[in-house]
Amino acid sequence: MLTLDDIRDLFARHGANQYSGEPVTQLEHALQTAHLAEQSDADDELVTACLLHDLGHLLNDQGDTPTLRGVDDTHQFFALPFLRGAFPDRVLDAIKLHVDAKRYLCQSHPEYVERLSDDSRRSLALQGGAFDASQAAAFIALTSARDALRLRLWDDLAKQDGLRTPTLAHFLERAQRCVIAR
Ligand code: FE
């Protein structure tokens, strides 16, 4: 199970990695996603999920642009065992479902696909493509679907060259507020 110090360390060691095919690093992408959530008055759990949603990429580094090699790193699941016990289910569920949220949006809002970056479109195909109507209905019935959809839309916008954000320390403070007390 990761502590906040471990998470700080992971960003220190891998945060400067370029986010595959995007004009931001992994750290910038995480900070921008959390920042957009904060600007929309998301609570500590959802801001923390936004900060950590791609931690799987840092824990399981597949090198540059794995989608070009046909690799789906299943990063939405990879981080979960490391975070379980440290953060409440609400944080974990939003992370777990952020890829399904993309598959849902592609089904429910076909024009959404046009807004996706090239890498997100490549990974979509590897992740199973748009949901069909029954998969979409099952997804939207989940309690965590709303959080996952909000996270997803901030995620898609968090690829901006030079966007200024608060620091990692700021968002780790918010994460601290939802760490499960032992
Ligand atoms: Fe992301």
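F78 is partly exposed, at a relative accessible area of 31%; the class runs between the buried limit, under 20%, and the exposed limit, over 50%, with a 1.4 Å probe and protein chains only. F82 is partly exposed as well, with a relative accessible area of 31%. These two residues form a stacked aromatic pair, 6.1 Å centre to centre with 25° between the planes. For pairing, the ring centres of Phe, Tyr or Trp (its six-membered ring) must lie within 6.5 Å; planes under 30 degrees apart are stacked, over 60 edge-to-face, and the rest tilted.

Before going on, the basis. This is a predicted model, in which local features need pLDDT of at least 70 and side-chain atom pairs count only at pLDDT 80 or more, while totals for chains, interfaces and linings use all residues. Residues are numbered from 1 along each chain as its sequence is written, and side-chain values use heavy atoms, with hydrogens and water left out.

Back to the rings. The structure holds three aromatic pairs. In the pair F131 and F139 the centres are 6.2 Å apart and the planes are at 50°, so this pair is tilted. F131 is buried at 9% relative accessibility, and F139 is buried at 3%. Together with Y104, F131 and F139 form one aromatic cluster.

Now the cores. A nonpolar core here is a set of buried Ala, Val, Leu, Ile, Met, Phe, Trp, Tyr and Cys residues joined through side-chain atoms within 4.5 Å. The largest has 36 residues, and those touching the most other members are I7, F11, L51, L52, L55, L83 and F87. Several helices supply at least two residues each, among them helix 1 (4-14), helix 2 (26-39) and helix 13 (168-176). Helices are DSSP runs of H or I, at least four residues, numbered from the N terminus. Helix 3 gives the largest share of this core, six residues. L51 is in contact (heavy atoms within 4.5 Å) with F11, A30, L31, A34, L168, F171 and L172, leaving aside neighbours within four places in sequence. A second, separate core of 14 residues includes L116, L124, F131 and F139.

Next, the metal. Which protein atoms are the donors of the iron ion? They are H29 (NE2), H53 (NE2), D54 (OD) and D155 (OD), at 2.2 to 2.3 Å from the ion. A donor is an N, O or S atom within 2.8 Å of the metal (3.2 Å for Na, K and Ca); water is not among the atoms, so sites may look incomplete. The angles among the four donor atoms run from 77 to 164°, and the site is irregular. H53 lies in the loop between helix 3 (44-52) and helix 4 (55-59) and D155 in helix 12 (residues 145-157), so this pair ties together parts 102 residues apart in sequence. H53 is buried at 1% relative accessibility, and D155 is buried at 2%.

Y19 sits in the loop between helix 1 and helix 2 and is buried, at 9% relative accessibility. Its side chain makes a polar contact of 3.1 Å with that of D54. Such a contact is a pair of N or O atoms within 3.5 Å; within protein, one must be able to donate a hydrogen and the other to accept it, and residues adjacent in sequence count only if both atoms are side-chain atoms. D156, in helix 12, makes a side-chain polar contact with the side chain of Y112 at 2.5 Å.

Conventions: Four donors count as tetrahedral if all angles lie between 85 and 135 degrees; four count as square planar and six as octahedral if opposite donors are over 155 degrees apart and all others between 65 and 115; anything else is irregular.
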